[in-house]
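Subject: A structure for you to look at

Hello,

I am passing on the structure we talked about, so please open it and keep it beside you as you read.

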Amino acid sequence: MLLPPITGEEPVRDQRSSGMPDTVYLTDRIEVTRPIPAPSSAIFDILRSPAGHVAIDASGMLQDFTGEPAEKVGDTFVIHMDRESLNDFPLGKYDVTVHIIIFELNKEIAWNLGPDIPFPHFYGYRLESSGNGVTDVTSYYDWSKVTGDIKERFPIVPASALRATLGILERTVRKSL
């Protein structure tokens, strides 16, 4: 069950039968969690790769890439985008440079779009082993540092797209095992 975004500081959690949070809404952040039956190393290999970003994207915006998989904080790669997939703002086709801001091998990766994009928002994934070869993967999206009138346009990517991306991630990692 989806719960509406809240304006307070306390998160609202949608509990699944396992007791694990599915979706967490904070004032300016969304987190969606899904258990994926794969080792964290196999999942992380997809998440650190520009090809992986394009392969698992549920928004339809990520079209292609240039660059190599991230190895550390500070690494970058380019994603070729098509905003027409969202049909919300007429940007058409454009490129963004992904700047890795968190890189903890097989545990967490996060990125922003660097200084060229004046709206400081970031995306990431946390991976936690839950035993029996299952990894709980949390996809998060944070726009808490965005200010001014543009903040009304956030979130750009809804929780449903984060959730769908995790489903595609599961399918993708299963095919690679």
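The chain has a mean pLDDT of 85, with 81% of its residues at 70 or more. Among the elements of the chain, helix α1 has the highest mean pLDDT, 98, while strand β1 (residues 12-15) has the lowest, 40. Over residues 1-19 the pLDDT stays under 50, although the model has 41 contacts beyond four places in sequence for this stretch. Where pLDDT is low, the predicted coordinates should not be read in detail. Please keep that in mind when you look at the start of the chain.

- Strand β5 (residues 76-82) runs antiparallel to strand β6 (residues 93-104), and seven bridges join them. To find this pairing on screen, look for Ile 79, whose bridge partner in β6 is Val 96.
- β6 is also joined to strand β7 (residues 108-112), again antiparallel, by five bridges. Here Ile 102 is opposite Ala 110 of β7.
- β7 in turn is joined to strand β8 (residues 122-131) by five bridges, and these two run antiparallel. Glu 108 faces Arg 126 of β8 in this pair.
- β8 pairs with β9 over nine bridges, in the antiparallel sense. Glu 128 is found opposite Asp 136 of β9.

Now for a few backbone details. A cis peptide bond joins Phe 154 to Pro 155, with omega at about 0 degrees. These spots are worth a look because most residues other than glycine have a negative phi, and most peptide bonds are trans.

Finally, the helices. How do α1 and α3 pack against each other? Helix α1 (residues 40-47) and helix α3 (residues 159-176) meet at an angle of about 115 degrees, and their axes are 10 Å apart. Angles of 65 to 115 degrees count as roughly perpendicular, so α1 is roughly perpendicular to α3. Their crossing is right-handed. On the α1 side, Ala 42, Ile 43, Ile 46 and Leu 47 make the contact, and on the α3 side Leu 169, Thr 172, Val 173 and Ser 176 do. Of the residues in this contact, six are nonpolar, two are polar and none is charged.

Best wishes

Definitions and conventions:
Residues are numbered from 1 along each chain as its sequence is written. This is a predicted model: local features need pLDDT of at least 70, side-chain atom pairs count only at pLDDT 80 or more; totals for chains, interfaces and linings use all residues. Side-chain values use heavy atoms; hydrogens and water are left out. Axes are lines fitted to C-alpha atoms, for helices over the stretch in contact, and angles run from 0 to 180 degrees between N-to-C directions. Helices (H or I, at least four residues) and strands (E, at least two) are DSSP runs, numbered from the N terminus. Angles under 35 degrees count as roughly parallel, over 145 as roughly antiparallel, 65 to 115 as roughly perpendicular and the rest as oblique. A crossing is left-handed if the near helix is turned anticlockwise from the far one by less than a right angle, and right-handed if clockwise. Contact means heavy atoms within 4.5 Å. Ala, Val, Leu, Ile, Met, Phe, Trp, Tyr, Cys and Pro count as nonpolar, Asp, Glu, Lys and Arg as charged, and the others, Gly among them, as polar. pLDDT is the predictor's confidence in each residue, from 0 to 100. Two strands pair if DSSP finds at least two bridges between them.
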